[in-house]
Every structure is written in structure tokens, then in C-alpha cells.
Amino acid sequence: YTPEIMGKVSIVNCVITLDGLAAQLLNVVVGFERPDLEEMRQKLVQTMSENRQVIKSLEDTLLRELAASKGSILDNDELIATLNNAKAKSVEINQAIEEGRVTA
């Protein structure tokens, strides 16, 4: 497209798949038939999203502390404690995300 056309319009790439439509229709039907299941699904999606944000936050914290550490990393007790905490949380969150994928 020419620059004049691009300046006047927004091109939207909208790809719709049969699987996507089926999933949306299923969500609508479940919402009408079993509102409790739809509510559980929405909570699950929200929880999975929050877990991904926590993992991203842990990664950012680790990178920031690694960049700010001076001297040997092995001698920095605070950094090692943060690494162990981040590892434990990430294992728990990854398990929850996998359970969520299976459930969804």
C-alpha cells in the first residue's frame, strides 16, 4: 500500500480459525448452561495470567540483583536467598500453570 493510503486507514489483520470460533461458542454455551463452570474458567484464566506476571517479576528482580551484585556471586548471601526463593516460587507457579492448561 502507498504511504497516502497507510496514513488514512488502519489495516487490521483478522485471522479467524475454526478452532477459535468453536472455543468461543463453547464458552458462550457453557456460560448459559453452567454459569458456575464459566466463572471457574474465568478465575483460572485470571490466575494463570497473574502467575505469568509473577514469573516475569521474579525474572526482573533476579536480573536486577545480578547486575547490581559486586564481587563473587557465591559470596552474596542475599542474592542466593533471592535465587532460592525465586526458584521455589517459579516451580510452584509452573505447576499451577500446567494444571491450568490441563483443566482449560
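Select L79 first: this residue is found in helix α4, where helices (H or I, at least four residues) and strands (E, at least two) are DSSP runs numbered from the N terminus. The model is predicted, so local features need pLDDT of at least 70 and side-chain atom pairs count only at pLDDT 80 or more, while totals for chains, interfaces and linings use all residues. Residues are numbered from 1 along each chain as its sequence is written, and side-chain values use heavy atoms, with hydrogens and water left out.

**Around L79**

With a relative accessibility of 1%, L79 counts as buried; buried means under 20% relative accessible area, exposed over 50%, and partly exposed in between (1.4 Å probe, protein chains only). Display its surroundings next. Not counting residues up to four places away in sequence, L79 touches E65, L66, S69 and I73, contact meaning heavy atoms within 4.5 Å. Then pick the C-alpha atoms of L79 and L62, which are 8.1 Å apart in space and 17 residues apart in sequence.

S69 lies in the loop between α3 and α4, the latter spanning 77-103. S69 counts as buried, at 17% relative accessibility. Its contacts, leaving aside neighbours within four places in sequence, are N76 and L79. Now show the backbone of L66: its oxygen is reached by the side chain of S69 at 3.2 Å. A polar contact is a pair of N or O atoms within 3.5 Å; within protein, one must be able to donate a hydrogen and the other to accept it, and residues adjacent in sequence count only if both atoms are side-chain atoms.

**T82, back in α4**

Return to helix α4 and select T82, which is found there. T82 is buried, its relative accessible area being 18%. A polar atom of the T82 side chain lies 2.9 Å from the backbone oxygen of E78. Beyond neighbours within four places in sequence, T82 is in contact with T61, L62 and E65.

**Salt bridges**

Side chains of opposite charge can pair when their charged atoms come close. The structure holds four salt bridges, a salt bridge being a side-chain nitrogen of Lys or Arg within 4 Å of a carboxyl oxygen of Asp or Glu.

- Select D60 and K56, whose salt bridge has its closest N and O atoms 3.3 Å apart. The two residues are four residues apart in helix α3 and are therefore separated by about one helical turn. D60 is partly exposed at 31% relative accessible area, and K56 is partly exposed at 46%.
- Select E38 and R41, which form a salt bridge with the closest N and O atoms 2.8 Å apart. Both lie in helix α3, three residues apart, about one turn of the helix. E38 is buried, with a relative accessible area of 10%, whereas R41 is partly exposed, with 30%.
- Select R34 and D36, another salt bridge, in which the closest N and O atoms are 3.2 Å apart. R34 is partly exposed, with a relative accessible area of 42%, and D36 also counts as partly exposed, at 39% relative accessibility.

**Where α2 meets α3**

Two packed helices are described by the angle between their axes and the distance between the axes. Colour helix α2 (residues 18-33) and helix α3 (residues 35-68): they pack at an angle of about 130 degrees, with their axes 5 Å apart. Axes are lines fitted to C-alpha atoms, for helices over the stretch in contact, and angles run from 0 to 180 degrees between N-to-C directions. The two helices are therefore oblique to each other; angles under 35 degrees count as roughly parallel, over 145 as roughly antiparallel, 65 to 115 as roughly perpendicular and the rest as oblique.
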